[in-house]
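Hello,

Here is the structure we spoke about. My notes on it follow below.

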Amino acid sequence: MMDSGNAGGAPANNPSVKGPSVDGSAANGSPVISLRDVGKVIGGKTILSDISVDIEPGSIVGLLGKNGAGKTSLIDVMLGFSPPSSGSSRVFGENSFELPAAAKRRIGFVPQQDELLDSLTGAQQLALNAALHPAWDQALIARLIGEWEVPLDRRIQVLSGGERQKLATLLALGHEPDLLVLDEPASSLDPVARRQFLRELLDIAESPTRTVLFSTHIVSDLERVASKVWIIRDGRLAWAGDLDTLKESVVRVTLLARDAWPSQLDIDGVISRRDEGRRVQLVLTGWREERQREMAERWGAEVSVERLGLEEIFLELHS
Amino acid sequence: MKAVLRSALQFYTRTRLQRWLLAGALLLFAAQLLTTRPACPCPRSFNPWPFLLGGLAGAAAALLTAASAWDLRRISALRTVFLIPHSRLKLAGGMFLAQLLAAAVGAGLVMLLGDARPPSPLSWGSARGTFEMLFGIALFLVVLLQVITGPSRILSMGSLVLMALLSLRTDLLMKPEILGAPKAHVLALAGILAWLLFTAWYVRAWRPRAPFLTWSRGRASADGPIEVSRQKAIRAFLLGQPSLLRVCRQQLTIWMIYHLVVIAMMAAMKLLIARHTFPANYSMAIIVLLYGPIVGVNVIAGTAARSSRRLWLRGGEPRNVLYATAERLAWQSLALMGVPLFGVALLEVRFLPHAGIDMLFPLVMCVTLTPAALYLGLLNFRRRLDVSFLALYIIAVGALFAGLFVESPRGRQLLWIAPLVLLAMGGVLRALARRRWYGIDWLRFRAERATSLSGLRIARS
């Protein structure tokens, strides 16, 4: 469970890793999203379990997880599409499942499977969305259409996956939401378009009051854009905190001893262990510089420490 | 060859509805065999089985053929089918074999029925002629559906006009001098020729578009007004189409096509099998019209239910208001489809021959069934057919037979309880639909993804 007052990089029950809470209440009033002990069970199968986390205004949070880890389910619960089986989910201080219209108007959402109407043109689809939002910013949309090269005169059914994705994102931006939630926004874009799209995402999120949450299973996307990261594994939050803190906290330590290592090592925060004779490789969480010296003294071993990239951390967490 | 055979079987057993229909037809077949045994104590004065087999199983077979034809059309539009070499040839071969098997089984049933006991209720034609007729018609039906929903608008319209002309000439086909010269093998050969032409185009053509998308061309969609009201936008999101009129027009077109196809089939049956003894009878064609608003409103209400997720954040309305909007939309669609279809049916009941069958009772049954169909649709958040669809079908067709079998005045009086029961059922379903919508959990009904196991299974099949 993620508690608001959790200390940064503190080791947790292996292999789950707990980071500092993204608690907005301390920084900027009430959090945009607040989840407390959220669980979701469908047909006897646990989809989400024990998720407690907050998002502060203005942050860009990347939700990372394998296919089927529960990213979309978490977003569905968060935005009120689905009630939590246990715990509570609040957006802008309101119960997600009973969101009032005023709170909904502050949310922009791009679902994983776009909800575009195939028989319409892009322009008609935009007009439909504009009709539902009193504060539709046509100037912003016109600018983005030009920059993203979205064809509006063609029927949506003939648009490519990337063009559909861009159009779906436009629809979520037109009313200038305070909270933008994107479920796998760049999954159907080619590398060039993805890079451009993520750059735009950064521009969009520039406003200090706008919060962005996007889910992905592409680690490089997240590394490029997000300042905070949530890693979800098997419906549980394995990490929630600053991206930099995560990178500093999780390291690969190689210990080289004179004799073979015992099967049990009394070390906190071990995510994985590989033995190669007198050499043992550990991936540890909650790393602090002084632990290197402590280890060397305790076992009389050579200790070398290697920093990991986000992709390696992600793989280790799922190994 | 194995792949072709597998495809043929898949066309008839892929969905739960198809399997239910097959099981029902087999049960009827078994029951018919049992009751026609000499030792059976069943009363001989009036044997309902010819009517059950001729009507219910016949309608089920037609539905199966239509469903398999629709499957072929839908699968043809899949990118995977287009990319895999020879897959289209296998599909086309499988569909041909499926119609061959269906015609053989159908002809066997008809022969068993026709030769079961003297006097035979209907004077059936020869086994070979029956088979050729069924096979030819089945092939025509499959090709026709591909052409009507295909990429060429000219071909679609041409086929519809042809069907309309054919149905207009039904009376001419029923003249005794024409009936005296059945040419079943010509029909079968024509069916095979149509099939070969279609297959030649199909294996060489560019991937056909998904069905229905080709129907959405036209000014109303491409150049429609950009200024829309909030109410119109909400409707468009719920229906997935620009307007309710457009959706209802599509449904009306589909049901009029079915209607014309049944009339054409009846004309062919009259021409090739029943000959002089079969009285002109439009009852099955009329029941198709009666069935139209039931299925139509079920489909539209289901679309609104599945699209409701789109409006949760966009529209801003709470769940109860969303439900009220969808319910109102469904009732409006029922009015737009029900008035013309029930109206035409009423006219046909009045002016077309239906062999003395009382069509008033089925008409009342179908009208009173529509609220239940509407609320079943609103309950259906999944993107697939469910058994409720079959239940509606059985009730609608059952009404026709109930009108046939019950002869005593008291029995007929009792029959009129059924419409009241159906209305009450609609009320119960409304309560269930409200309850589901007020607490709807869209995550439970998330659409099958292309990468999911079930999605892959469908694509593979």
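**Salt bridges, a buried arginine and a helix pair**

In this predicted model, Glu276(A) and Arg279(A) form a salt bridge, with 3.8 Å between the closest N and O atoms. Glu276(A) is partly exposed, its relative accessible area being 47%, and Arg279(A) is also partly exposed, at 37%. Salt bridges with shared partners also tie Arg252(A), Arg274(A), Glu306(A), Glu312(A) and Glu316(A) together in one network.

One of the pairs in chain A is Arg252(A) with Glu312(A), where the closest N and O atoms are 3.7 Å apart. Glu312(A), at 33%, counts as partly exposed.

Over all chains, the whole structure has 26 salt bridges. Among them is one between Glu115(A) and Arg309(B), with the closest N and O atoms 3.4 Å apart. That pair crosses between chains: Glu115(A) sits in the loop between strand 6 (107-110) and helix 4 (122-132) of chain A, and Arg309(B) is in helix 15 (residues 309-314) of chain B. Glu115(A) counts as buried because its relative accessibility is 14%, and Arg309(B) is buried with a relative accessible area of 13%.

Arg319(B) is another matter. It belongs to helix 16 (residues 319-351) of chain B. Arg319(B) is buried but has no salt bridge. Which side chain of opposite charge is nearest to Arg319(B)? It is that of Asp441(B), 6.6 Å away, whereas a salt bridge needs the side-chain nitrogen and the carboxyl oxygen within 4 Å. Apart from neighbours within four places in sequence, Arg319(B) is in contact with Gly80(A), Phe81(A), Ser82(A) and Phe97(A) from chain A. Its contacts in chain B are Trp312(B), Trp437(B), Tyr438(B), Gly439(B), Ile440(B) and Trp442(B).

Last, a helix pair in chain A. Helix 5 (residues 138-148) and helix 7 (residues 191-204) of chain A pack at an angle of about 155 degrees, and their axes are 12 Å apart. Helix 5 of chain A is therefore roughly antiparallel to helix 7 of chain A, the cut-off for that term being over 145 degrees. Their crossing is right-handed. On the side of helix 5 of chain A, Leu144(A), Glu147(A) and Trp148(A) make the contact, and on the side of helix 7 of chain A, Gln196(A), Phe197(A), Glu200(A) and Ile204(A) do.

Regards

How values were computed
Residues numbered from 1 in each chain as written. Chains lettered and ligands numbered in written order. Predicted model: local features only at pLDDT ≥ 70, side-chain atom pairs only at ≥ 80, totals over all residues. Heavy atoms only, no water. Helix = DSSP H or I, 4+ residues; strand = E, 2+ residues; numbered from the N terminus. Buried < 20%, exposed > 50% of the residue type's maximum accessible area, 1.4 Å probe, protein only. Lys, Arg positive; Asp, Glu negative; His and termini not counted. Contact = heavy atoms within 4.5 Å. Axes fitted to C-alpha atoms, helices over the stretch in contact; angles between N-to-C directions. Parallel < 35°, antiparallel > 145°, perpendicular 65-115°, else oblique. Left-handed = near helix turned anticlockwise from the far one by under 90°.
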